[in-house]
Amino acid sequence: MLLVVVFLSVVHVSLLEGRCCAPRQWEGWGVRLGGQMAGATHKRPELIQAKINLHYNADGPMVVAVANTSVGTRKRLLTAIQDFKHKTLYVLEDGGCKVKPLPEPFTELCSPKGQDGKFMWLGFGETSYPALEYVYTFKQQTADTRGTMCAIWTQKACAPLSESFHGTYVGIPQVFTFSYSDIQRGIRDPSIFHIPKLCREANMTLVDALPHDDIPLLSSQYFKV
């Protein structure tokens, strides 16, 4: 069976310390499929699925993710607003808003440092296009989250196409794939980054209550929501 991924090219290329970086403002979709072994929040291995509408603004910096997730038998529809300037995560769900500290610093979506990438062609015949594959180790600074990431980027547009991860999340073995699609440069409606009054008036939760789910909103950004 052939899987064909259609990706709308981003016509902007930016560089950071010689690396290829995505546009500083963009919107699009991310689809994740994976699984995790049994752990503190679940007794059996679980299938993880998520479809995420991403709004990315490196100038804020802020990232908003409207996510429809399924972790085992738990299904959730939530909006996560990540305000890196104020180190705060807002999670809108079930008519309420949870406010949590955002310990991880903002990480711009770029190819890994010190790698040129392995060249490849994607697509078929005249519709094929050049791409680069990067394989690197991944480690979150404030949690036991680490492993190996394989990422594929378009060569000319510096646009991410897909990522595959295997390793541990908070000590739990996990594997997943994350595919980007329908990426558009810019933000159509800047109000998507406005913090709702409900969230502004909510108290911050300093300690997570179980159960929680991990949502990979970008390859280098994991949050417990």
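Okay, let's start with the rings: Trp26, Tyr56, Phe84, Phe106, Phe178 and Tyr180 are linked by ring pairs into a cluster. A pair here means rings of Phe, Tyr or Trp (its six-membered ring) with centres within 6.5 Å; planes under 30 degrees apart are stacked, over 60 edge-to-face, and the rest tilted. By that rule we get 7 aromatic pairs.

Quick note on the source: this is a predicted model, where local features need pLDDT of at least 70 and side-chain atom pairs count only at pLDDT 80 or more, while totals for chains, interfaces and linings use all residues. Residues are numbered from 1 along each chain as its sequence is written, and side-chain values use heavy atoms, with hydrogens and water left out.

Now, how are the rings of tyrosine 56 and phenylalanine 106 arranged? Their centres are 5.9 Å apart and the planes are at 40°, so this pair is tilted. Tyrosine 56 sits in strand S4 (residues 46–57) and phenylalanine 106 in the loop between strands S8 (96–101) and S9 (118–122), so the pair ties together parts 50 residues apart in sequence. Strands, by the way, are DSSP runs of E, at least two residues, numbered from the N terminus.

Buried or exposed? Tyrosine 56 is buried, at 1% relative accessible area, and phenylalanine 106 is partly exposed at 22%. The cut-offs are under 20% for buried, over 50% for exposed, and partly exposed in between (1.4 Å probe, protein chains only).

Phenylalanine 106 also pairs with phenylalanine 84, edge-to-face, 5.1 Å centre to centre with 65° between the planes. Phenylalanine 84 is in the loop between S6 (74–83) and S7 (88–93), so this pair ties together parts 22 residues apart in sequence. Phenylalanine 84 is buried, at 9%.

Next, the core. A nonpolar core is a set of buried Ala, Val, Leu, Ile, Met, Phe, Trp, Tyr and Cys residues joined through side-chain atoms within 4.5 Å. The largest one has 29 residues, and Trp26, Tyr56, Phe178 and Tyr180 are among those with the most contacts inside it. A second, separate core has 10 residues, including Met62 and Tyr90.

Last, the sheet. It's open, with 11 strands in the order S8-S7-S6-S5-S4-S3-S13-S12-S11-S10-S9, and the pairing is antiparallel. Strands pair if DSSP finds at least two bridges between them. S8 and S9 stand at the edges with a single partner strand each, so one side of each has no neighbour in the sheet. S7 and S8 pair over 6 bridges, and valine 91 has lysine 98 in S8 as its bridge partner.

Terms used:
Helix = DSSP H or I, 4+ residues; strand = E, 2+ residues; numbered from the N terminus.
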